[in-house]
Every structure is written in structure tokens, then in C-alpha cells.
Amino acid sequence: MANLSSAMKSFCLLEQLAEGNSPLHRLHPGAKLAITLVYVVCVISFPASSLSALVPFTAYPIVAMALSGTPWKPLLQRIAVAMPFVLFTALSNLLLNRRVLYFLGPLPVTGGLLACLSIVLKAFLTVGAVLVLIATTSMETLTGQLVRLHVPKILCLQLTMTYRYISVLIQQAQRMYAAYQLRSCGKKGIQMRDMGCFLGQLLLRSFDQAERIYCAMKCRGYDGTYHAECRWPVTARDAEAACVASAAFLLLRVFNLSVLLGKLI
Amino acid sequence: MLCVEHLSVKYNPAEEHYALRDVSLSVQDGERVALLGANGAGKSTLLLALVGILPPAEGTIQVDGLTLDKAHLPEIRQKIGFVFQNPDDQLFMPTVFQDIAFGPRNYGVPEAEITQRTNEILEILGISALKDRMVHKLSGGEKRLAALAGVLVMQPTLLLLDEPTSFLDFQAAKRLSDCLRALKQSCLITTHDLPFAKSLCDRFLFLDHGELSAADPFHQSHCFCAISR
């Protein structure tokens, strides 16, 4: 129950953060999307061995969080959720590529180790950038902007509805869990033998609800087309911010700032 | 306004069992009719059949002179506003404004008109403050009114309300009742809430095991007493 409650709280937190009024919140959602996209593409385009070139890119999530007043702790917690999957992929590189490239003191640095660290850092940076985007932009404006950018409308509708019904699903699970607890003689959590029934019921209820939602949509004229509207005028400041940030990322992609600074020193 | 003749509905065409059998009823312009009956009597099934979600096995449905068939379905759905029992089934967009705008956008209403209509409806229902609120943060009563706004914005001529007072406390039910009384649309309301139905509706229909059990005033009062007891 505590986990479900914290999931609900954490879900609401991103929304609360998106309602802020910092310079980053006021930036056009299209500009933020463009900046994030360029950033993500630049970060993931580095080869596995170029770890040092990624270091300057850590500045963006930190600066964006500071500008928007986004607390670092909840964002780090969310990044941590993605990490186990990333670590699984990253650690496999340690085994697959054992060629020693150089020694760091007594420590041999293998190609696998560099690739491993590179994957983890890339995941950390890209997930962080996307989370900053979500924490500074409401889902409504974000999907409206995606439609405007000609992202397939069916995907935008899926995104909107998934987002909307996460809370409904959590609340449904909370109610079921409360009912389970009241009849489970003080046992903690859901017993393994009941887990199948619990999840099965949740799934069946979700199916039923999905059917009712579809009926409600049809009653209001839904014919498979998603109509969204994003009426946020683009100002010169928005365009300027998008261009400057994107140019900075591209420059950092072309020139390895860490190496350049190293040469200077 | 609404004319249903000898309507029968089966959930499974292969089965013998009828969810609705030989139902005939009519609702006049501006009339508010309560549809009463026990759980499983077929009240919600009847409403779903009226908007073409469940196809009739037999019989005809006419709305404003249009027969419910594939060709007239979009037009009929624009004329009928269906408020579902659980507002969570109906409020599927992130904010109240977006959800209210969902229907008109599907029918190609210009954006400026959608905004104007939305503001008007929110004003009428007294929920203007909810316009930009996230749907999942609304209370039960607020959700119900937001769902009602979502269908009223399409300017329907007939409202179908499925158990509108479920999940509502006395205050919220009274507020909803006042809102519905102020509307000029015809209403067909399924409910178990007899005080609510008595205070709002001009006429009562009783469904029993899929059949309309009484239509004349004498039988109506008899059934009403039976349910009230």
C-alpha cells in the first residue's frame, strides 16, 4: 500500500513541478522539445569509447534543473528506476570486450569498461534531460506540441491516455489492495498464492474500463482521429534559446571540450 | 424527440436470452424521464442501445426523426449526450478543458467556438474554476459535473444519464439536480435514487428483467410504491 501511495505521490509530483513558473517553464514547449531532442541525439551519437567528450554534457541537466527549480532528489530517484535495465546491458560489455586499452595507475582500463561507463552515463544524461522536459512542461502542452510537429496522432493519443489512466490504475490497485488487506488477517503485502488472482483481476478490470472508455469516446464522435490544439505562440526569445542551446550541443559534439581543456592545462 | 419501438437487444446473437425485450417508449421535447429498475434490469443496456453501442436485435430507434442506422450514427451521436455512470470512464483527457473540447474537435467545430462554448458551459454549471485543473485531481462531484460539461458542449437535444447520483453525496447530488433542472434538453435518466428522480423527472418508466413493466399512470404509481418500500 505504501508503495502504491508513493507511486501516486510521485506521479503527482511531476505534474506539480510542471505547473511552475521559471524561465524554463515559460519557454515554448516546441523549443524545449527541440533542445531535448538535439541533446539526446548528440549524447547517443558518441562512440562507446569517447567517455571524456560526454562529461561537458552533464552541465545541461544540472543547469536546467537549477533554472527551473526542479529538486534533484526525486529526479535522481526516477533516473534510478531506469538504471537496472541499463546496467544489465552495460555490464555485459565488461565480459564481451576485455581488450586492455591503457592502465590507470595499476588498474587496467578495458574497452568493455569504457563502453560500460559510456552507456551508463549516456542513459543518465538522456533520461535526466527527458525528465527535466517533463518536469517543466505539462503533458497537455507536450502532446499538443507533438501533434503540431506531425508526430502520428495515434501515438499522441496513446501517450495522453496512458498518462491519464496511470492514476486511475494506481487508485484501482489501491482500492483492491485495501480490500485485500482488510480480509488477510494482518498479513503483510500480497501473498504469492494470491498475486495471480490480484493481478488478473486488475487486468480484467482494466480491460472492462478500456471498453467503457472506448464507448464514451465513440459517443462523443471519436472516429480514430485525435484532434489536439497547441496555442502557444513562438516568440523570438524561444527561437533564440532553442538555437543557442542546440548550437552549443552541436559544438560540444564536434569538439571534445575535455580534451581541449586538457591541452590548455 | 426519442421514439423507441419494439426494441429487443441480445448480448450474444446465438443465445436465446434477451437483455431487452420488446421495449417501446418515447421522450418528448424538454421532458425529463426517469428509468427505474433493479440491478441487471437492463437500464444501462437500453441507454447503450440508444446511442448505437449495442446493436438492436429487433425494433427501431428514432431520434429527431432520424432512424438509428450506420448512415445516421454520427448525426445521432451528436444529438445525444451520454453521461456514463463512472466519470472516470468518460474523462479521458488530462485537463478539464481538453476533455470538454474532445467532442467538438471530433466534429470539426472551430477552436474559437470550442473555447467560447466551453466557457459558457462551465459558467452554467458553476465550475469555471476547474477549467485548467487536472482531471484526476477532481472530487467525485466535480468529475460528474465535468463529464456533464463534456456532453453539453456538443449541444445535444437529448441527455442520457446513467446513474448520475452514484458516487455523489447529498450536496453534490442536489447541485447536479439543480444544474439538470436548469437545462432545456430532454433527459432520460436511469437511477436508483428515488428522491432525486422524484424531484427532477416528469415521468417514470420501470424496467423489469429487460421488459418495460408499466407505462400508464396507475401502474407507475404502483411500481413506484413497490420500489420505494
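How many Å separate the centres of domain 1 of chain A and domain 2 of chain A, taken over C-alpha atoms? The answer is 34 Å, and it belongs to a predicted model, whose scores are ipTM 0.70 and pTM 0.71. Of the two parts into which chain A is divided, domain 1 is built from residues 20–137 together with 233–260, while domain 2 covers residues 153–219.

Two packed helices are described by the angle between their axes and the distance between the axes. Take helix H3 of chain A, residues 29–44, and helix H10 of chain A, residues 236–254: their axes cross at roughly 5° and come within 9 Å. Angles under 35 degrees count as roughly parallel, and H3(A) and H10(A) are therefore roughly parallel to each other. On the H3(A) side, the residues that meet H10(A) are Ala31(A), Ala34(A), Ile35(A), Val38(A), Tyr39(A) and Cys42(A); among their partners in H10(A) are Ala241(A), Ala245(A), Phe249(A) and Arg253(A). Sorted by class, this contact of H3(A) with H10(A) contains 12 nonpolar residues, 1 polar residue and 2 charged residues.

A second pair in chain A is arranged in another way. Helix H5 of chain A, residues 72–96, packs with helix H6 of chain A, residues 111–136, at an angle of about 160°, and their axes are 8 Å apart. Because angles over 145 degrees count as roughly antiparallel, that angle makes H5(A) roughly antiparallel to H6(A). The crossing in which H5(A) passes H6(A) is right-handed, and the contact of H5(A) with H6(A) has 20 nonpolar residues, with 4 polar and 1 charged residues beside them.

From here we can turn to chain B, which averages a pLDDT of 86, with 93% of the residues scoring at least 70. Where pLDDT is low, the predicted coordinates should not be read in detail.

Where the chains meet, 26 residues of chain B are in contact with 23 residues of chain A. On the side of chain B that touches chain A, the elements giving two or more residues are helix H2 (73–79), helix H3 (87–90) and helix H4 (96–106) of chain B. The largest share of that side, 5 residues, comes from H4(B). By class, the side of chain B that touches chain A is made up of 13 nonpolar, 8 polar and 5 charged residues.

Notes:
Residues are numbered from 1 along each chain as its sequence is written. Chains are lettered from A and ligands numbered from 1 in the order in which they are written. This is a predicted model: local features need pLDDT of at least 70, side-chain atom pairs count only at pLDDT 80 or more; totals for chains, interfaces and linings use all residues. Two residues are in contact if their C-beta atoms, placed from the backbone, lie within 7 Å. Helices (H or I, at least four residues) and strands (E, at least two) are DSSP runs, numbered from the N terminus. Ala, Val, Leu, Ile, Met, Phe, Trp, Tyr, Cys and Pro count as nonpolar, Asp, Glu, Lys and Arg as charged, and the others, Gly among them, as polar. Axes are lines fitted to C-alpha atoms, for helices over the stretch in contact, and angles run from 0 to 180 degrees between N-to-C directions. Angles under 35 degrees count as roughly parallel, over 145 as roughly antiparallel, 65 to 115 as roughly perpendicular and the rest as oblique. A crossing is left-handed if the near helix is turned anticlockwise from the far one by less than a right angle, and right-handed if clockwise. Domain bounds come from an automatic or database domain assignment. pLDDT is the predictor's confidence in each residue, from 0 to 100.
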